[in-house]
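This report describes the overall form of a protein chain and then turns to selected elements and residues. The sequence and structure are shown first.

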Amino acid sequence: MIAVVQRVSSASVTIEGKVEGEIQKGFLVLLGITHLDSQEDIEWLGRKIVGLRVFGDSDDKMNLDLKAVDGDILLISQFTLHASTKKGNRPSFIEAAKPEIATPLYEGMITFLEKELEKPIQRGIFGADMKVALLNDGPVTIIIDSKNRI
């Protein structure tokens, strides 16, 4: 499971002209799920995301996490994070989980993040054609791979 976590001042996702999810201060999280992922990946990655200390404290040092700044999460599924570009110019997505595997894991991540953050999170719609807008704050962008924990 791969997450691209962007610290944002605001972010939204629009589907077929309708805003489906929107946040102010917090994280836009692009989530890529592979066929090897499990509940263990959800829990490890979810805790990492919620615990990331990348918000400024009173000395303007990155020391505070989402809870400390009352931040929100906008979670977007993005199978293209598992693209392989080793051969040719057309990416292969063979490592990305098929919907029957990915959908329950995506929904599991939503549930886990809501429990950890102690509030609802915003989200896109799994498999939909989404338009994502964001104002990256910093910019701060961090990539976390649950298969690369060391």
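With 150 residues, the protein would have a radius of gyration near 15 Å as a compact globule, and its value of 15 Å agrees with this. The radius is taken over C-alpha atoms, and the globule rule is 2.2 Å times the number of residues to the power 0.38. This is a predicted model, in which local features need pLDDT of at least 70 and side-chain atom pairs count only at pLDDT 80 or more, while totals for chains, interfaces and linings use all residues. Residues are numbered from 1 along each chain as its sequence is written, and side-chain values use heavy atoms, with hydrogens and water left out.

**Overall form**

Along its principal axes, the C-alpha trace spans about 50 × 40 × 30 Å. The protein contains two helices and eight strands, arranged from the N terminus as β-β-β-α-β-β-β-α-β-β. These elements are DSSP runs numbered from the N terminus, with helices (H or I) of at least four residues and strands (E) of at least two.

Buried residues amount to 39% of the 150 in the protein; buried means under 20% relative accessible area, exposed over 50%, and partly exposed in between (1.4 Å probe, protein chains only). Of the contacts with a separation of 6 or more, 73% are between residues 24 or more positions apart, where contact means heavy atoms within 4.5 Å. The protein exposes about 8600 Å², and carbon and sulfur atoms supply 50% of that area. Accessible areas come from the Shrake-Rupley method with a 1.4 Å probe; for residues, only the protein chains shown count as cover.

There are 18 positive and 22 negative side chains, and the centres of the two sets lie 5 Å apart. Lys and Arg count as positive and Asp and Glu as negative, without His and the chain ends; each charge is placed at NZ of Lys, CZ of Arg, CG of Asp or CD of Glu.

**Helix H2**

Helix H2 comprises 19 residues (99–117), which should span 27 Å at 1.5 Å a residue; its end C-alpha atoms are 26 Å apart, in agreement. The expected span is 1.5 Å times one less than the number of residues. Among the buried residues of H2 are Leu105, Tyr106, Met109, Phe112 and Leu113. An α-helix has 3.6 residues a turn, so residues three or four places apart point the same way. The cover of the buried residues of H2 includes strand E3 (26–32), helix H1 (39–51), strand E6 (72–77) and strand E7 (122–123).

**Backbone features**

| Residue | Phi | Location |
|---|---|---|
| Glu16 | about 50 degrees | loop between strand E1 (2–15) and strand E2 (18–23) |
| Glu118 | about 65 degrees | just after H2 |

Glu16 counts as exposed because its relative accessibility is 81%, and Asp70 is also exposed, with a relative accessible area of 57%. Pro139 belongs to strand E8 (residues 131–145).

**His82**

His82 lies in the loop between E6 and H2 and counts as buried because its relative accessibility is 12%. Beyond its neighbours within four places in sequence, His82 is in contact with residues including Met1, Ile2, Gly32, Ile33, Ser92 and Phe93. His82 and Gln122 are 40 residues apart in sequence, and their C-alpha atoms are 23 Å apart in space.
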